[in-house]
Amino acid sequence: MATSSNGKYGSQQDLVNESKSFAFTTRIDDIIAWGRKNSLWPMPYGTACCGIELMSVMGPRYDLARFGAEVVRFSPRQADLLIVAGTITEKMAPIILRIYEQMLEPKYVLSMGACAISGGFYRAYHVLQGVDKVIPVDVYIPGWPPAPESVLDGVMTIQKMIADHHPRPWRNNWVAGEYR
Ligand code: SF4
């Protein structure tokens, strides 16, 4: 930051003069990815106890805002990160598919906890045995429920995938579930 003679913040002209002394180069894809990874807008799909754990990630102790992902949205049209946290019943499957389809690309999915990943201990006819039966998942966060630190790690993994332009593993292999 340019400073004036009195040691305080400089004027606009100081900044302009300062900016002439250096150059910044990058690629357009990289700067878009940089902005994208630091401004994820999550939509929580919390159905059970994992949803409560997810709330603590948003709070001051774990402070998801440090990663630029605290702007929680409850409209899929305004979100690009779907966090599935909790048990997903068969009745919810077409609803979560609709929500996913309403999100704009590029969009990402975190599957949080044993229930969202595999149905958990609900090996039952009415529980979906993993949300990836109906929507593609980018990152799985294991745990029962996962600790907030694990959720942060999942968000950072998504950020790394975005920054690295990493092709999502499911892109060519994932097949839509029976609800499509
Ligand atoms: S994984 Fe455990 S904590 Fe999470 S929703 Fe299922 S039963 Fe609850």
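Helix α6 lies across strands β2, β3 (108-112) and β4 and runs at about 170 degrees to β4. Helices (H or I, at least four residues) and strands (E, at least two) are DSSP runs, numbered from the N terminus. Axes are lines fitted to C-alpha atoms, for helices over the stretch in contact, and angles run from 0 to 180 degrees between N-to-C directions. The model is predicted: local features require pLDDT of at least 70 and side-chain atom pairs count only at pLDDT 80 or more, whereas totals for chains, interfaces and linings use all residues. Residues are numbered from 1 along each chain as its sequence is written.

The pLDDT, the predictor's confidence in each residue on a scale from 0 to 100, has a mean of 88 over the chain, and 88% of the residues reach 70 or more. Among the elements of the chain, the lowest mean pLDDT, 82, belongs to helix α1 (residues 12-19), and the highest, 97, to strand β2 (residues 81-85).

The four strands form an open, parallel sheet in the order β1-β2-β3-β4, where pairing requires that DSSP find at least two bridges between two strands. Strands β1 (42-46) and β4 (139-141) are the edges, each pairing on one side only. From one strand to the next, the twist averages 20 degrees. Strands β1 and β2 run parallel and are joined by five bridges; Pro 42 stands opposite Leu 81 in β2.

The axes of α3 and α6 (residues 148-163) come within 9 Å and cross at roughly 70 degrees. The two helices are therefore roughly perpendicular to each other, a class that covers 65 to 115 degrees, with angles under 35 counted as roughly parallel, over 145 as roughly antiparallel and the rest as oblique. Glu 53, Leu 54, Ser 56 and Val 57 of α3 make the contact with Pro 148, Val 151 and Leu 152 of α6; residues are in contact if their C-beta atoms, placed from the backbone, lie within 7 Å. By class, this contact has five nonpolar, one polar and one charged residues. Ala, Val, Leu, Ile, Met, Phe, Trp, Tyr, Cys and Pro count as nonpolar, Asp, Glu, Lys and Arg as charged, and the others, Gly among them, as polar.

Around the ligand are Ala 48, Cys 49, Cys 50, Gly 86, Thr 87, Gly 113, Ala 114, Cys 115, Gly 120, Trp 144 and Pro 145, a residue being near if its C-beta atom, placed from the backbone, lies within 6 Å. Elements α3 (49-58) and α5 (113-118) each give two or more residues to this shell, and α5 provides the largest share, three residues. The shell comprises seven nonpolar, four polar and no charged residues.

Terms used:
Contact = placed C-beta atoms within 7 Å.
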